[in-house]
Amino acid sequence: MPSQDLPIILYHYMFSPVGRRIIWYMTLRNIPYTHCLQPLALPRPDIARIGVSYRRIPILAIGRDIYLDSRLIIRKLEELYPPSAAHPSLSGKTGDQRAIERLLDVLMSDSGIFNNAIQLLPLDFPPLSDPDFLKDRAELAGIVPGKIPPPQTNPGPGAKLERPTAAAEIRDAMELLETTLLADGRDWVLKTDRPMLADIEAVWLFEWMLSMGSFPPDVISPEIFPKIFAWIDRLSKIIKEKAKTSPAEEIKGDVAASKIFDSGYAEREGVVENELVATVQGLKKGDLVSVYPTDNGFLHKDTGALVSLNSKEVVIEVEGENGNIRVHAPRHKFAVEAA
Ligand SMILES: N[C@@H](CCC(=O)N[C@@H](CS)C(=O)NCC(=O)O)C(=O)O
């Protein structure tokens, strides 16, 4: 476990469903953290000053180690805070349980369902009529004035069918849960006596959509999916109660940066393993590499000296405003390229 002196700082904004995934995880495991709230759109000088170019939210700092992407963040918190009475485990015990946990993560993170949820944001959600916000999100998708957009972002025909099509996709994922894992009336996805990581993996997007008023009531309602709505309600109540007893403190970007630069590293330096991406490029420790996501936000590359690389993670050392930090990115949906 990292030294208790190392600050844990979550950079996020309250509207971020992926940020909430991390908050719910840390809340259920009693992991104390502070948060540094960010604007909904770029620029985010608080993040630039620590030396990070990655543009997505959430980002988690544990001392001078900075973790990108919620899946890696959860995996790291699992490793760095092994189960104890103070930090109870949320992971499944059996292989079957862990498989359900991971498959739910794949469903909610990798199946494209997140984009469907975005399509269903209420049309009167104020940022949707803010041209600066829309320009920012076009940049996230890689659409930059004067440049040819990548093929997946070309607007297709039938834009007016986007919302009904998205609703059908969301309903389908909800139907899966309602009629299988929750069908027998259990309280929690793994039939445990308390919520586990599998619950968090399944719930974060649906809870966010509910809180945003995104469900089209004729397609998705408590009458149509009673078990899911009751489960979301049970889980939200537990989180709210827990958050009340130990609320996270909010800190400003300058304070967050000083805390990071005054800290040590949470992890020992790793090695560059014989991974194909390293061998084909002849990469070795210390080489300058760029790391960036491949699904969106790919115009923002972090570049630094390669510290370690394995099948799960790449770590680079990057210069920040007041010293170096280490940026950790998952290998899944991230590129590692000689710079
Ligand atoms: N795979 C990433 C996805 C993160 C993501 O898409 N976050 C959204 C907010 S929920 C985002 O960053 N949107 C653009 C932005 O805020 O700059 C993760 O799991 O962390």
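**Exercise 1.** In this predicted model, determine which residue takes a positive phi in the hairpin of E3 and E4.

*Solution.* The hairpin formed by E3 and E4 has two residues between its strands, and Gly63 adopts a positive phi near 60°. Next, consider the pairing of the strands: E3 and E4 (residues 65-68) run antiparallel and are joined by four bridges. Within this pairing, Ile62 stands opposite Asp65 of E4.

**Exercise 2.** Classify the relative orientation of helices H1 and H8, and describe their contact by residue class.

*Solution.* Two packed helices are described by the angle between their axes and by the distance between those axes. For H1 (residues 17-28) and H8 (residues 197-212), the axes come within 9 Å and cross at roughly 135°. Angles over 145 degrees count as roughly antiparallel, and 65 to 115 as roughly perpendicular; H1 and H8 are therefore oblique to each other. The handedness of their crossing is right-handed. Finally, inspect the contact: H1 contributes residues including Arg20, Arg21, Trp24 and Tyr25, while those from H8 include Glu201, Trp204, Glu207 and Ser211. By class, the contact of H1 with H8 comprises eleven nonpolar, one polar and four charged residues.

Technical notes
Residues numbered from 1 in each chain as written. Predicted model: local features only at pLDDT ≥ 70, side-chain atom pairs only at ≥ 80, totals over all residues. Heavy atoms only, no water. Axes fitted to C-alpha atoms, helices over the stretch in contact; angles between N-to-C directions. Parallel < 35°, antiparallel > 145°, perpendicular 65-115°, else oblique. Left-handed = near helix turned anticlockwise from the far one by under 90°. Contact = heavy atoms within 4.5 Å. Nonpolar A, V, L, I, M, F, W, Y, C, P; charged D, E, K, R; others polar. Pairing = 2+ DSSP bridges.
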